[in-house]
Amino acid sequence: MSAWLPTAPCTPEACVQTPGRIAAVPRAVLRLTVVLLLLLTGIALTPFGARIPASLVRRWCRWIVRAAGVRVRITGAAAPTGGLLLVANHISWLDIPLLAAVRPARMLAKTEVRHWPVAGALAARGGTLFIDRDRLRALPGTVARITGALREGAAVAAFPEGSTWCGRAQGTFRRAVFQAALDAGVPVQPVRIGYRLSDGTATTAPAYVGDDTLLSSLWRVATARGLIAEVEVRNPVPPSAGPDRRTLARAAQPPDTTAPAWTHTALVA
């Protein structure tokens, strides 16, 4: 792995909470079965993607999250049409359908996602733009492909932190992807994603960080009770908001709303 790759200090042992209220095993199995069926349905329908209304795709993405036992709250205005770069903080695998629920888009994902069970096939057939994070030389070509998609009027979704964080700490938006928005002359749509319990307290249970496995994260979400995903759609940032990609990235970075009373164990260990 290249030394330049962004990393987070978050680990399952230090940051991820075990759900306080755990759903019964049969219910959790049922949840994951429904999620799998929805993903398989998506794979079957990808050849007809251009003919499926965007509103139906957004509902399908919300169904996936809801089927996992997570309620969804989306606030803010609808994302604009035309070429658009959607960016969000990254906590969980749930972030992917949540961002697509804001506006269906071509995802920018690491090449490892291709090998995810079921979801990897869905991503590949859905037009995902893959980035080889181990090859710095490939970055300009990736930015060029994103620029081309944006100029054609597509929406491209990315997680510029470059790594998942637990949700009670966050990373800095990396600048490269914002160059594509500048080159294509399209706005950036910032989205902030967070997870809470039904009593309003923030939780890291849905986080998929460090050496956590996808299966363990799936099971943790499916067995949790009272999980709520909060998606805040902020005002779009026009390409004229900054003279360079660094300024544009700062303008799109979600504010740090971490409660000051919470100590990030991994950072102080």
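Predicted model: local features only at pLDDT ≥ 70, side-chain atom pairs only at ≥ 80, totals over all residues.
Biologist: What makes β1 and β7 a pair?

Modeller: Seven bridges join β1 to β7 (residues 227–233), and the definition asks for at least two, so they pair. The two strands run parallel. V70 has L227 of β7 as its bridge partner. Strands here are DSSP runs of E with at least two residues, helices are runs of H or I with at least four, and both are numbered from the N terminus.

Biologist: What is the strand order of the sheet?

Modeller: The order is β1-β7-β6-β2-β5-β3-β4, in an open sheet of seven strands with mixed pairing.

Biologist: Why are β1 and β4 called edge strands?

Modeller: β1 (70–76) and β4 (129–131) each pair on one side only.

Biologist: How do you know that T7 is exposed?

Modeller: Exposed means over 50% relative accessible area, buried means under 20%, and partly exposed lies in between, with a 1.4 Å probe and protein chains only. T7 has a relative accessible area of 58%, so T7 counts as exposed. T7 lies in the segment before α1 (12–15).

Biologist: Which residues does T7 contact, leaving aside its neighbours within four places in sequence?

Modeller: T7 is in contact with S163 and W165, where contact means heavy atoms within 4.5 Å.

Biologist: Which residues of α9 are buried, and why are they said to be on the same side?

Modeller: In helix α9 (residues 245–252), the buried residues are L248, A249 and A252. They cover an arc of only 100° around the axis, which puts them on the same side of α9; the arc is that of the directions from the helix axis to the C-beta atoms. The buried residues of α9 pack against β2 (84–88), α7 (176–184) and β6 (188–197).

Biologist: What makes the approach of D244 to R246 a polar contact?

Modeller: A polar contact is a pair of N or O atoms within 3.5 Å; within protein, one must be able to donate a hydrogen and the other to accept it, and residues adjacent in sequence count only if both atoms are side-chain atoms. At the start of α9, a side-chain oxygen of D244 comes within 3.3 Å of the backbone nitrogen of R246.

Technical notes
Residues numbered from 1 in each chain as written. Heavy atoms only, no water.
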